[in-house]
Amino acid sequence: MENLSYRYSAPRRAGGSKPLALVGVVASGNLEVLVERVLPDTECQLEIKTAAEGFGPVWAAVTSDFVARRAAGGLKLSINDGGARPDTVALRLAQAVRVIEGDEQ
Amino acid sequence: MNASTIEASAPSHVLRSQGVSWYEASARQRIDLLLDAGTFKEYIGPEQREHSPHLQVFDLPEQFDDGIAVGRGMLAGAPVFIAAQEGRFMGGAFGEVHGAKLTGLLRAARDLGSIPVLILFDTGGVRLQEANAGELAIAEIMRALIEARTAGVKVIGLIGGRAGCYGGGGLIAGCCSALAVSEQGRISVSGPEVIETNRGVEEFDSKDRALVWRTMGGKHRRLLGGADAFSDDSIDAFRETALALIASTPGFGIEVLKAEQARLASRLDRFGTCGDAVDIWKAEGLSDAQAEAVPAMPAPDFITLANKVQEARHDAR
Amino acid sequence: MTLDDILSSLFPRGHDVQNDHGVLTGSGPLQGGGRAAVIGIAGRTPLGVDDAIRLSGRVIDVIERGGKDPILVLLDSDSQRMSKRDELLGLSEFLAHLAKCLIHADMQGHHTVGLLYGHTAAGAFIATAMATRSLVALPGATPAVMDLPSMSKVTKLSIEVLEEKAKSTPVFAPGLDNMAQTGAVLAIWDDKASLAKQLQSLLDQAPGSGDQRGQLGKSRKGRLKAADIAERVHQLATGHV
């Protein structure tokens, strides 16, 4: 198992006021994202646990892309990865923000 | 965490639970859409990070809730306890933490005495990586369940997910006050592959889906009396069925056990030499044409047929 | 010890336990007075619908008679019977019914004691031994959830790898020591001493309140989370009325 951790400065705060949200399932090709509003508005942290070792650069790319595109300030996103592809990860991260912002009910 | 933080699959302009497939839904979607909107309060939610301590040694990923969400909510305005297994995480299998959450919920129900429990089964049985803890969890759940029923609590099982209700899950289901099952649901102790390995493909071809469903699937279980109600695959239908079962199921005690003994003994007498489910259905009074039509029969027609053939028993289980 | 040896040691004054093709039924006098009802499976027989219904019927007889006779469940079984017929007829209901009867009997004052003297596995284990209040075993008994070769096939890990991992945790591999450490087995009896005495001693102990196995597993460091998680959920659920 590999534990990866990324901390970014986030240009915009995630909207809404929900304290936490959960999306996804830990299954083959899938992942779960627990998102908690616990950081200062200008920071975003991602903690990843994955059984697929050696993909650090890919996670770094996906997560930095995510923080650049989405308003993720104030959020800590904790991931349990079941071997998802990068595009699935990106979708889940975006979904996690939508749910904690309250856009998805 | 509460219901509004859970992902949902239906757009908000559609009636919340209508037309949403139970089979396709996640455990949390089922809870969210089964219960009255926004009423779910979870106990030991994923943010507590109480995952399994036993998977790391196998290099297997954990899930924050260890594959089950338990808590309390409202169903048609009345309180219920609810537990939903996530069948896509490790096959919904019972591990130490997973099982303990349900054990604690049932013990609470026992002590309060007045709040029914809904168990949304979606499980392959014991999680092998924690086999002994899983087996113990199942035994502790069964004990707590019977203690709760003895205290007057209705424990209703809902079965219709991807993993079915296998192994120890099937035994827990057999302890419930009543069961609702859909077409997709399966209830069995041994799985199809295991029977084939043990007895050979001539006795049981695990790849013959029609055979698997005739033997273990929701429609057969309803016709046999293994399940009390058949539900369409929608969350809406399961909700209506759950409400009906909460209102109608028997209590528990020696009279119910005696009735159950008689019911099962009679089943062996009547069907003990039947070779296939179709033989059982015909012995119960289905015509050849009806028996052949069962697998493809839509839910409303099947429910009508089943009610004619096998009246739901309210005095045994 | 053979089954006859075990029965003689349990009931030195005689007993009426019969073995009908692997199904044990009968009773015997207790050292401290009264009688124990006996049911069980012998000869490593798989537990299917036909035998399960006989055992549950016997337990119901005991409950109906009233009184506080303990029920002894002797066990040398295979797993549940793995056949098309058993599943077709609803084996899960028959096994659950047996467990329900045992649990109800115990709640009605019939102390249920499982005595594992041979093998048992999987669904048979849950429906019999694990449905008793006090599960004890003789040395050499071999309880299992699943045998290692089958576990190896399902997990796709070699037996050697599984055996290696089993050295660091009692939580998955078969065996009496693991079942004791996780809290499933209360005690391993001395097969050189009188079983009647050990049984009486067990029956004389004051019953704990409720299912003790979680606490036992915690104190023996075999299951560190179960008791606490269950208690936390229990507290949360009963505190929010």
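This is a predicted model: local features need pLDDT of at least 70, side-chain atom pairs count only at pLDDT 80 or more; totals for chains, interfaces and linings use all residues.
A residue counts as buried here if 20 or more other C-beta atoms lie within 10 Å of its own, and as exposed if 12 or fewer do.

Take helix 9 of chain B to begin with. By this count, its buried residues are B:Val256, B:Leu257, B:Glu260, B:Leu264 and B:Arg267. Seen around the axis, they cover an arc of only 100 degrees, so they sit on the same side of helix 9 of chain B. An α-helix makes 3.6 residues a turn, so residues three or four places apart point the same way. As for its length, helix 9 of chain B runs over residues 254-271, and at 1.5 Å a residue its 18 residues should span 26 Å; the end C-alpha atoms are 25 Å apart, which agrees.

What does the buried side pack against? The partners come from chain C: the buried residues of helix 9 of chain B pack against helix 2 (49-65) and helix 4 (91-107) of that chain.

That brings us to the interface itself. Two pairs of chains are in contact, and chains B and C share the most contacts of the two. This contact draws 71 residues from chain B and 69 residues from chain C. On the chain C side, the helices that each supply at least two residues include helix 2, helix 4, helix 6 (148-155) and helix 11 (226-239). Helix 4 of chain C gives the most to this side, with 13 residues. Sorted by class, the side of chain C that touches chain B has 36 nonpolar, 20 polar and 13 charged residues.

Chain A, for its part, has no contact with chain C; the closest C-alpha atoms of the two lie 15 Å apart. Two helices and five strands make up the secondary structure elements of chain A, in the order β-β-β-β-α-β-α along the sequence. Its radius of gyration is 12 Å, close to the 13 Å that the globule rule gives for 105 residues, so chain A is as compact as a globular protein of that length. Along the principal axes, the C-alpha atoms of chain A fill a box of roughly 35 × 30 × 20 Å. Of its 105 residues, 43% count as buried. Among chain A contacts between residues at least 6 apart in sequence, 84% join residues at least 24 apart.

Technical notes. Residues are numbered from 1 along each chain as its sequence is written. Chains are lettered from A and ligands numbered from 1 in the order in which they are written. Helices (H or I, at least four residues) and strands (E, at least two) are DSSP runs, numbered from the N terminus. The expected span of a helix is 1.5 Å times one less than its number of residues. The arc is that of the directions from the helix axis to the C-beta atoms. Two residues are in contact if their C-beta atoms, placed from the backbone, lie within 7 Å. The radius of gyration is taken over C-alpha atoms; the globule rule is 2.2 Å times the number of residues to the power 0.38. Ala, Val, Leu, Ile, Met, Phe, Trp, Tyr, Cys and Pro count as nonpolar, Asp, Glu, Lys and Arg as charged, and the others, Gly among them, as polar.
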